[in-house]
Amino acid sequence: MAIITHYGYTDGSGEYYIVIDAEKCIGCAKCIVQCPQSTLELVDMLIDLEDKTVAAVTEQQRKNIKYACSPCKPESGKAPCVLACAEKAIWCVWNPR
Amino acid sequence: MKETPRKEDVEYWRWQEYHRVFSEKKWKNKDIITAGVDVGSVGSKATIMIDGEVYSWGVMRTGSNSPDSAKKVLSWAMEGTGLRLDDLKYIVGTGYGRVNVPMANKAITEIACHAKGANYIWGPSVRTVLDVGGQDIKAIHCDETGRVTSFLMNDKCAAGTGRGMEVFADLLKIPIEKIGEVSLQVDEEPPPVSCTCVAFAKSEAMGLLRKGWSKEKVLAAYTQAMAIRMGNLINRVGLEREFVITGGQSKNIGIVTRIEKALGVKCLPMPNWQENGLDPMIAGAIGAALFAKALYEKAQKS
């Protein structure tokens, strides 16, 4: 079963989310290295009573995704973080209104 | 001379703190006694469990100091039980202030804890949990074991949260516990306010009051805007029945009724928490105490 986290916002401009599946993520940090805005980091998540190291949006950037992710947003399907992931554990949702 | 408070000095936002012990249950030293402490931005909650069954709990307002609030709420949950801190085998901290729970053996995100707690309160049929907290809203989808499968947190602002409701209680001079009922006292539903941002909604509400709208109508318009927003969050994680609401706003009948209407589903009935049940506000603390039990047992085996 997937464990999917949505980071992002919905407002007048539409909805934008960075989505990470902690089940697929192997914590390789490739997305983190590729992100031009230092939006991602590795965190420990408790899954089935075991701590697993997975990628997540940093606490500081969570409220700031609208601005932090704006350089990559027009082509969010080809965002560097998405392209870097061999596990297909990270993707973007961008539905302009 | 005795002073009576002026009407303006009444704190309409101030909600009731609760404490409960299931005194028909008794604890023995060999039991696995665990605790979950959920320090939220507005409320702090603690639950004590005996062998995975709720024994006592407390809900109080979070002070300016998180470690202090954690200690206070835990001692409150233990009050009248005869338990001491040493009797607690394992403590899990959760919530916004989870890293500031000094006595916790481990911190776990509130998302995992809320799903687990909702599964305990309402049973394994629960699939969608909406937690409306003091300063954020979380939409969670979980499986029959209470394991999170998808979630979304809106923590961008206080819109549609408990704190937003507190602001409105003060502005309209309506006690916070009555705000849901009052918002339903309208003949027809007004259009929702255009902006749910607390700061702007306040000035928009002032404008509507000046235009001659009643308090009830203004509140209805604001509550409706919040409910629509929450409905959107739930649709993003995938709405599936059964659906429940946790957190302080689960007691706001105005919000609950409007979310149900917006989504076209009924929430599972609220436990009769004032009489004998479990407060939906302590779902996170219950989940934390359940994780505490599982982690304690795991540590014993290894």
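How many of the residues of β5(B) are buried? Five of its five residues are buried, and the strand is mostly covered; a residue counts as buried if 20 or more other C-beta atoms lie within 10 Å of its own, as exposed if 12 or fewer do, and as partly exposed in between, with C-beta atoms placed from the backbone. This is a predicted model, in which local features need pLDDT of at least 70 and side-chain atom pairs count only at pLDDT 80 or more, while totals for chains, interfaces and linings use all residues. Residues are numbered from 1 along each chain as its sequence is written, and chains are lettered from A and ligands numbered from 1 in the order in which they are written. Helices (H or I, at least four residues) and strands (E, at least two) are DSSP runs, numbered from the N terminus.

**Stop 1: the sheet of chain B**

Select residues 90–94 of chain B, which form β5(B). In a regular strand the side chains alternate between the two faces of the sheet. On one side of β5(B) are B:Y90, B:V92 and B:T94, and on the other are B:I91 and B:G93; all are buried.

β2(B) and β5(B) run parallel and are joined by five bridges; two strands pair if DSSP finds at least two bridges between them. Within this pairing, B:A35 has B:I91 as its bridge partner, and B:T34 stands opposite B:Y90.

Next, show the whole open sheet: its six strands follow the order β1-β4-β3-β2-β5-β6 in chain B, with mixed pairing. Its edge strands, each pairing on one side only, are β1 (18–21) and β6 (106–107) of chain B.

**Stop 2**

Select residues 43–50 of chain B, strand β3(B). Eight of its eight residues are buried, so the strand is largely enclosed by the rest of the structure. One side carries B:G43, B:K45, B:T47 and B:M49, and the other B:S44, B:A46, B:I48 and B:I50.

Two residues separate β3(B) from β4(B) in their hairpin, where B:D51 in the turn has a positive phi of about 45 degrees.

**Stop 3: two crossing helices**

Display α2(B) (residues 110–122) and α8(B) (residues 283–301), which pack at an angle of about 95 degrees with their axes 6 Å apart. Axes are lines fitted to C-alpha atoms, for helices over the stretch in contact, and angles run from 0 to 180 degrees between N-to-C directions. The two helices are therefore roughly perpendicular, a term that covers 65 to 115 degrees.

Among the residues of α2(B) that meet α8(B) are B:H114 and B:Y120, and the α8(B) side includes B:L290 and B:F291. Residues are in contact if their C-beta atoms, placed from the backbone, lie within 7 Å.

**Stop 4: where chain B touches chain A**

Select both chains: 17 residues of chain B are in contact with twelve residues of chain A. On the chain B side, the largest share, five residues, comes from β9(B). Three bridges join β1 of chain A (residues 4–11) to β9(B), and these strands run parallel. A:I4 stands opposite B:S150.

**Stop 5: backbone details**

Centre on the peptide bond from B:R241 to B:E242, which is cis, with omega near 5 degrees. B:E242 lies in the loop between α6 and β10 (243–246) of chain B.

Then select A:A29, which has a positive phi of about 75 degrees although it is not a glycine. A:A29 is partly exposed, with 15 other C-beta atoms within 10 Å.

Finish at B:K173, in the loop between α3 (162–172) and α4 (179–183) of chain B. Its phi is near 55 degrees, a positive value in a residue other than glycine. Is B:K173 buried or exposed? B:K173 is exposed, with 11 other C-beta atoms within 10 Å.

Methods. Angles under 35 degrees count as roughly parallel, over 145 as roughly antiparallel, 65 to 115 as roughly perpendicular and the rest as oblique. Two residues are in contact if their C-beta atoms, placed from the backbone, lie within 7 Å.
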